[in-house]
Amino acid sequence: EALMYVINRTVVIGWNRQAGYIPVDQGGGFHNVKLTLDSYANLVNDTIKNQTAKGFQIKAIVMESTEMPAHSNKVRMDFNMPVFDISTVGQCAMSAAETFSAAGA
């Protein structure tokens, strides 16, 4: 039941056709962070508008690829909401661990 709650409230935005973004699973391409950041906002903004029009409130953005942390701060600043990526997931996991001490890190 909890899983279905999350699934029904998750929207996937594919960046494979985004200018500057060439995923490694399609030929091992490099991606151009500046070009992507210069052109991504309409895609995200349109998705947010579509979802809020349906009555949903966007509370966070999750960047799933290991290439996405380079984009997270700009997305966070542009849309003024929490953005999680592989780096923040690691930080959260370490902070949640019973034996983790930030002072010793």
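Modeller: A residue is called buried under 20% relative accessible area, exposed over 50%, and partly exposed in between, with a 1.4 Å probe and protein chains only. The model is predicted, so local features need pLDDT of at least 70 and side-chain atom pairs pLDDT 80 or more, while totals for chains, interfaces and linings use all residues. Residues are numbered from 1 along each chain as its sequence is written, and side-chain values use heavy atoms, with hydrogens and water left out.

Biologist: What percentage of the residues in the chain is buried?
Modeller: The chain has 105 residues. It exposes about 7,700 Å² (Shrake-Rupley method, 1.4 Å probe), and carbon and sulfur atoms supply 57% of that area. The buried share of the residues is 26%.

Biologist: In what order do the elements of the chain run from the N terminus on?
Modeller: Helices (H or I, at least four residues) and strands (E, at least two) are DSSP runs, numbered from the N terminus. The chain holds five helices and two strands. Their order from the N terminus on is α-α-α-β-α-β-α.

Biologist: Among contacts with a separation of 6 or more, what share comes from residues 24 or more positions apart?
Modeller: A contact means heavy atoms within 4.5 Å. Of the contacts in the chain with a separation of 6 or more, the share from residues 24 or more positions apart is 43%.

Biologist: Which elements do the buried residues of helix 4 pack against?
Modeller: Helix 4 spans residues 69–79, and its buried residues are His 71, Ser 72, Val 75 and Phe 79. They lie on the same side of helix 4, because they cover an arc of only 115° around the axis, taken from the directions from the helix axis to the C-beta atoms. The elements they pack against are helix 2 (33–39), helix 3, strand 1 and strand 2 (83–84).

Biologist: Which residues does Ser 72 contact, leaving aside its neighbours within four places in sequence?
Modeller: Ser 72 lies in helix 4. It counts as buried because its relative accessible area is 1%. Apart from neighbours within four places in sequence, the contacts of Ser 72 are Met 63, Val 83 and Asp 85.

Biologist: Is Pro 69 buried or partly exposed, and at what relative accessible area?
Modeller: Pro 69 also has its place in helix 4. Leaving aside neighbours within four places in sequence, Pro 69 is in contact with Asp 85, Ile 86 and Ser 87. Pro 69 is partly exposed, since its relative accessible area is 26%.

Biologist: How far apart in space are Ile 48 and Val 11, C-alpha to C-alpha?
Modeller: Ile 48 is found in helix 3 and counts as buried because its relative accessibility is 17%. Beyond neighbours within four places in sequence, Ile 48 is in contact with Ile 58, Phe 79 and Met 81. Ile 48 and Val 11 are 37 residues apart in sequence, and their separation in space is 9.5 Å.

Biologist: What distance separates the C-alpha atoms of Thr 88 and Val 62?
Modeller: Thr 88 belongs to helix 5 (residues 86–96) and is buried because its relative accessibility is 16%. Leaving aside neighbours within four places in sequence, Thr 88 is in contact with Arg 76 and Val 83. Thr 88 and Val 62 are 26 residues apart along the chain, and their C-alpha atoms are separated by 9.8 Å.

Biologist: What volume does the largest pocket have?
Modeller: On a 1 Å grid over the protein atoms alone, a pocket is an open set of points where a 1.4 Å probe fits, with protein on both sides within 12 Å along at least five of seven lines; lining residues have an atom within 4 Å of a point. Grid points are joined across faces, edges and corners, and the volume is the space filled by probe spheres set on them. For the largest pocket this comes to about 950 Å³.

Biologist: Which element supplies the largest share of the lining of the largest pocket?
Modeller: The lining has 27 residues, of which Thr 10, Val 11, Ala 60, Ile 61 and Val 62 lie nearest the centre of the pocket. Helix 1 (2–7), helix 3 (41–53) and strand 1 (61–62) each supply at least two lining residues. The largest share, four residues, comes from helix 3.
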